[in-house]
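These are my notebook entries on one structure. I looked up a few helices, some side-chain contacts and the aromatic rings.

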Amino acid sequence: MDFDFLSPLDTSLIDFVKQLTSQQLGSKMVLNTANEFPDLDKVKLAIIGVQDNRGSNSSISRVNHDSIRKELYSLYPGNWNISIADLGTIENGDTINDTYFALENIVSNLLRKKIIPIIIGGSQDLTYALYRSYDRLEQMVNLVTIDSKFDIGTQESLSSYNSYLSKIIVDEPNNLFNFSNVGYQTYLNSQEEIDLIEKMFFEAYRLGEVSVNVSISEPVFRDADLISLDLTSVKSSDSGNFTTFVPNGFTGKDICALARYSGISDKVSVFGIFNYNNTFQESVLIAQIIWYFIEGLHYRSGEYPFGSRTNYIKYIVPIEDQEIVFFKSNKTERWWMEIPFIVNGNNKLKKNTLLPCSEEEYFQACNQEIPERWWKAQRKNLI
């Protein structure tokens, strides 16, 4: 079975959980132990550690997640009704491709069971395996990275942590519909990479604009299937990572807000945290990032694409020689705009679909300005 790739939790962790109060998170989770594997039919969310760090430039070939787990287990949950399992760890394969194979198969099986996996790396190139996990679902994938870099890299290093996106873009089957980056820093990316993002109608938000108003990124997460968080996007003074010194980046508060946006999205089905350096300080932060993702998951509202459009107010905005259709939820007051299906076009999407947006983009259309995200989405649908 694919779940045979998972190693059970160390007995020291089991003993640690036994010392916790019944109110702490670890006491409310089901754990993969040497004697028992969790009943996945009763699980909504699964935590998995992946030791493999060989895709990075770090001298650490494998990471140890026990410190993260202890910090997470010690937290107190909110008023959640979510069944959580810690499924243990994927250890290093003989090659990094063996690790990819194990991770892809495990996550693919979890997705088919409607279980949301939280993956703790390991190097960020593991994102490629997560992306490939969707192949069996035969769906287009929207990938969002929280990262200071685009990780496009060069053709010679397609599997490394700083170039895995190139592999995602060029490899068949090409199921990537959209890529969005949140938090890039211009001076860490070449102009060629920035131009390529623009040429492919992908989306990118600079660190400065998100830090000033973190809510502008919410529609991006609402449209995502897969989230890949690079821990080095957090500045060292907040993450405690001085192995790779990061003077500028997200604050701990910002990164937890982004994790909550990821969790509250009705569409996000995989959440990954990567480039952990085995430091205690990072363990504390990762535990709180996971807590906020679960908090968001608890508050999911079941809206589009899973709910009916009958609970929305429809707005039609004439602009130039066309119309842009907006929908506003009666329940949450969130906004969407419709991406039309173009007859006789080379459409990636097979029907009209809704793209999450902000109220500001509706007002922008009312002022006769075509929202950039609407235009890019329409262009991506035809290339």
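I note the basis here: the model is predicted, local features need pLDDT of at least 70, side-chain atom pairs count only at pLDDT 80 or more, and totals for chains, interfaces and linings use all residues. Residues are numbered from 1 along each chain as its sequence is written, and side-chain values use heavy atoms, with hydrogens and water left out.

**Entry: helix α4**

I took helices (H or I, at least four residues) and strands (E, at least two) as DSSP runs, numbered from the N terminus. Buried means under 20% relative accessible area, exposed over 50%, and partly exposed in between, with a 1.4 Å probe and protein chains only. In α4, 12 of the 17 residues are buried, so the helix is largely enclosed by the rest of the structure. Among them I listed Y100, L103, N105 and L110. Just after α4, K114 takes a positive phi of about 65°.

**Entry: helix α3**

I found I68, R69, L72 and Y73 to be the buried residues of α3 (residues 66-74). Seen down the axis of α3, they fall within an arc of 125°, so they line one face of the helix. The arc is taken from the directions from the helix axis to the C-beta atoms.

**Entry: two serines**

I placed S228 in strand β9 (residues 226-230). S228 is buried, at a relative accessible area of 0%. Its side chain makes a polar contact of 2.9 Å with the side chain of Q124 and another of 2.8 Å with that of T127. A polar contact is a pair of N or O atoms within 3.5 Å; within protein, one must be able to donate a hydrogen and the other to accept it, and residues adjacent in sequence count only if both atoms are side-chain atoms.

S265 lies in the loop between α11 (252-264) and β10. S265 also counts as buried, at 0% relative accessibility. A polar atom of the S265 side chain lies 3.4 Å from the backbone oxygen of R222, and one lies 3.4 Å from the backbone nitrogen of V268.

**Entry: rings and charges**

How many aromatic pairs does the structure hold? I read 17. Rings of Phe, Tyr and Trp (its six-membered ring) pair if their centres lie within 6.5 Å; planes under 30 degrees apart count as stacked, over 60 as edge-to-face and the rest as tilted. F271 and F293 form a stacked pair, 4.5 Å centre to centre with 15° between the planes. F271 lies in strand β10 and F293 in helix α12 (residues 280-298), so the pair ties together parts 22 residues apart in sequence. F326 and W335 form an edge-to-face pair, 6.4 Å centre to centre with 75° between the planes.

Last, I looked up charges over rings (NZ of Lys or CZ of Arg within 6 Å of the ring centre and within 35 degrees of the ring normal). The charged end of K167 sits over the ring of Y128, 4.9 Å from its centre. R222 lies over the face of W336, at 4.6 Å from the ring centre.
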